[in-house]
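I opened this notebook to record, entry by entry, what I looked up in one protein chain. The sequence and the structure come before my entries.

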Amino acid sequence: MRRYGKHTDEDDIRTRPGRRNTRPRTNIRPKHDDAAEGLVLTVDRGRLTCLVEDRVVLAMKARELGRKAAVVGDRVAIVGDLTGKKDSLARIVRIEKRTSVLRRTADDDDPYERVVVANADQLAVVTALADPEPRPRLIDRCLVAAYAGGLEPLLVLTKSDLAPPDKLLELYGHLDIPYVVTSREELEKGTALARVREQLDGKITAFVGHSGVGKTTLVNSLVPEEQRRTTGHVNAVTGRGRHTTTSALALPLSGGDGWVVDTPGLRSFGLHHVDPSQVIHAFPDLEPGTEGCPRACSHDEPDCALDAWVAEGHADPARLYSLRRLLATRERKEGD
């Protein structure tokens, strides 16, 4: 064995390279200018199914994206194997800026946001008129989330053969929300599809609703090529259906220009992430009246300027009532 003296030359010392940190670190990331554009159709345990041109490609998120997650509806940049062949895997390297975001939390006390869908144009809130009974507070919460996320709301009322829609429509009439009323027979025969499709053509529409309201049945009718298993059963004790859609899925509208996004059935819709000041933007006839409100006005207090604005005839009193009802939903539970 070689021994070194007091005056050892550095060149004589043999060093073993470490197993870690052998490559120089850099903050410079590739731009991926040649990446293909894709649309996220569904997400399943870290694997994202994307549409690239006319091919369905399986991809995973690149490490450089960190904790930023892609969701259904995201427009992404993809590199790697884009053939779409079996066992091929591409890589998502960039998530493009979103035009709208539908978010929810588990409840109003949960700070963790869950992004349901990105870049949707409108939110179709599907509600049965009976079996199960309508839950107006849950509808209100969906509407607040739509307004806060930049989506236009649409009411789709099903099972009109079991109960009339008048009472529920009266409740939301002053919000000027478009609506479609359907019956089970109309959906089975397809006679109601034309009325629904009229509201969907040329748009990306996310469908939400609690279990058992016929949401997936409606989606299956709109996209017959992609049948999803429906619930067909409502619990006689709880009045609620079972979850059959377990993940969001974007589907091209059959024979038309548009997309539908089927989402899992809702049990609750938390609004912890919603800033109440965003909801007023959905009421353009009331928004100018807030200029005289005190700072951080909740729009439901004695000094709120909206009362005088409405009293002067600038807006319908029913519109102010609707605004305050929506703002109050964040303080209530869905079953109230």
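**Entry 1: strands.** I began with terms: helices (H or I, at least four residues) and strands (E, at least two) are DSSP runs, numbered from the N terminus. Two strands pair if DSSP finds at least two bridges between them. I then looked up Ile78 and found that its bridge partner in strand 5 is Ile92. Strand 4 (residues 75-80) and strand 5 are antiparallel and pair over five bridges. Strand 5 (residues 90-95) also runs parallel to strand 3 (residues 55-61), joined by three bridges. There, Ala59 has Ala90 of strand 5 as its bridge partner.

**Entry 2: the model.** I noted that this is a predicted model, in which local features need pLDDT of at least 70 and side-chain atom pairs count only at pLDDT 80 or more, while totals for chains, interfaces and linings use all residues. Residues are numbered from 1 along each chain as its sequence is written, and side-chain values use heavy atoms, with hydrogens and water left out.

**Entry 3: the whole chain.** I recorded seven helices and 13 strands. Of the 336 residues, 46% count as buried (under 20% relative accessible area; exposed is over 50%, partly exposed in between, with a 1.4 Å probe and protein chains only).

**Entry 4: helix 4.** Which residues of helix 4 are buried? I found Leu193, Val196, Arg197 and Leu200. They cover an arc of only 100° around the axis, so they lie on the same side of helix 4; the arc is that of the directions from the helix axis to the C-beta atoms. An α-helix has 3.6 residues a turn, so residues three or four places apart point the same way. On the face turned away from the buried side, I found the exposed residues Ala194 and Glu198. Just after helix 4, Gly202 has a positive phi of about 80°.

**Entry 5: helix 4 against helix 5.** I looked up the axes (lines fitted to C-alpha atoms, for helices over the stretch in contact, with angles from 0 to 180 degrees between N-to-C directions). The axes of helix 4 (residues 193-200) and helix 5 (residues 215-222) come within 11 Å and cross at roughly 85°. The two helices are therefore roughly perpendicular (65 to 115 degrees; under 35 is roughly parallel, over 145 roughly antiparallel, the rest oblique). Leu193, Val196, Arg197 and Leu200 of helix 4 meet Leu218, Ser221 and Leu222 of helix 5, where contact means heavy atoms within 4.5 Å.

**Entry 6: a loop.** I found Pro111 in the loop between strand 6 (101-104) and strand 7 (114-118). Pro111 counts as exposed because its relative accessibility is 59%.
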